[in-house]
Amino acid sequence: MTTTPTSAPIRPGTPLSLFVLGEGSDPRSERGVECPGDLPPASDPALVERARRAKAALGNRLFVLGHHYQRDEVIQFADVTGDSFKLASEAAARPEAEFIVFCGVHFMAESADILTADHQKVILPDLAAGCSMADMARLAQVEDAWDVLADADVADVTVPVTYMNSSADIKAFCGKHGGVVCTSSNAKTVLEWAFERGEKVLFFPDQHLGRNTAVLQMGMSLDDCVLYDPRRQGGGLTAEQLRSAKVILWKGHCSVHGRFTPQAVDDVRARIPGVQVLVHPECQHEVVLKADLIGSTEFIIKTIEKAPAGSRWAIGTELNLVKRLALTHPHKEIVFLEQHVCYCATMNRIDLPHLVWALENLASGHVVNQIVVDRETEHHAREALQRMLALPGETTKD
Ligand code: SF4
């Protein structure tokens, strides 16, 4: 663990405590943390006014970032909305802002801390807002995997590529090992860059983005990809399988996008004649194969903006964004692709009471929930981010 202000250094591989969210606290982890002081009740009718007042009191010292998957009650206070990479870049472009309040999840706040100046403090209103996908690749596991690759004599010819949705120490691992970060918009460009430098790619944490990019955008076959399971000895793969693979996919996924099913695509096509299915590349390969269009959240938003009135869309991404798109485009029919998928639980940890609590504390001179990436991790993570930034094309994501 590389962040949180009060934390003693956590040893790689230390198991995460299993606290019920919001109950009990573990200073070594973002899980189950409590907010010191008074957290306003969600029923407080004055919350909107309190948030406005605290924001006004902080003025230009404050910049509030809102990820597309955030609730409306929070998004209304965002100075800018976007995907995680766009938000981190926006924060970096505002050095006058002393406090960057990141309404998103932990890895996003870490990236903002890496890309902003030293005098800027990045605040995550609820430290329990993590990302289950990012948690699926922990540094100790990735280091073990690298040893497995070395034992199979392939580490030297493998380039590690991590999705933006990963912790800072995983990005730093990539920085140290000649690797790079990718987003869902530039994954193909990044993989091409990696294959100019090595024979294989170790791609984490999202198997689906890696597989969809390798197979659908780069023309590889499913047999060129193998799945490395960090919970199994040697990743559950033989040395021979590692030697013959081109892309070694980490067994991780998004708990929201991973739940869309091919059946849901068939059902919506039967239910809504002429519907176009638009999904995020974090969805399973079988779902993406059945969709009409695939792309990042920014791509999804732009596609809907450009769509003609009367067009019909079933969208496979987080529910808050789909709901907002449906509300802002009343002359287009927009439905959620899957009836059994819910909000991103960790994104939804950021609610109005936590935002008010964070803003009021900042306004009264108490810095709470600051996300600080240690210098060494920051240095190597920035290397991996800068390799991505040097590549041509758009860099938007999740
Ligand atoms: S939507 Fe998926 S990838 Fe995004 S924060 Fe939630 S769990 Fe993580």
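Asparagine 369 is buried, with a relative accessible area of 11%, where buried means under 20% relative accessible area, exposed over 50% and partly exposed in between (1.4 Å probe, protein chains only). The structure is a predicted model, in which local features need pLDDT of at least 70 and side-chain atom pairs count only at pLDDT 80 or more, while totals for chains, interfaces and linings use all residues. Residues are numbered from 1 along each chain as its sequence is written, and side-chain values use heavy atoms, with hydrogens and water left out.

Asparagine 369 lies in the loop between H15 and helix H16 (375-389); helices (H or I, at least four residues) and strands (E, at least two) are DSSP runs, numbered from the N terminus. Although asparagine 369 is not a glycine, its phi is positive, at about 50°. A positive phi, near 65°, is also found at aspartate 153, a residue other than glycine, which is located in the loop between helix H6 (139-151) and strand E5 (158-163). Aspartate 153 counts as exposed because its relative accessibility is 67%. A further backbone feature is the cis peptide bond from phenylalanine 204 to proline 205, with omega near -5°, and proline 205 is placed in the loop between strand E7 (200-204) and helix H9 (207-217). Most residues other than glycine have a negative phi, and most peptide bonds are trans.

Aspartate 126, in the loop between strand E4 (121-123) and helix H5 (132-135), counts as buried because its relative accessibility is 1%. Its side chain makes a polar contact of 3.1 Å with the side chain of arginine 349 and another, of 3.3 Å, with the side chain of histidine 354. A polar contact is a pair of N or O atoms within 3.5 Å; within protein, one must be able to donate a hydrogen and the other to accept it, and residues adjacent in sequence count only if both atoms are side-chain atoms.

Within strand E4 itself stands valine 122, which counts as buried at 0% relative accessibility. Not counting residues up to four places away in sequence, valine 122 touches several residues, including Ile100, Phe102, Ala112 and Asn369. The C-alpha atoms of valine 122 and valine 368 are separated by 9.7 Å, although the two residues are 246 apart along the chain.

Helix H3 (residues 84-92) packs against helix H4 (residues 106-115) at an angle of about 35°, with the axes 8 Å apart; axes are lines fitted to C-alpha atoms, for helices over the stretch in contact, and angles run from 0 to 180 degrees between N-to-C directions. Ser84, Phe85, Ala88 and Ala92 of H3 make this contact with Phe107, Met108, Ser111, Ala112 and Leu115 of H4.

In helix H14 (residues 319-328), the buried residues are Leu319, Asn320, Leu321, Val322, Arg324 and Leu325. Their cover includes helix H2 (72-75), helix H13 (297-306), strand E12 (312-316) and strand E13 (333-336). At the start of H14, a side-chain oxygen of glutamate 318 reaches to within 2.7 Å of the backbone nitrogen of asparagine 320.

Conventions. Contact means heavy atoms within 4.5 Å.
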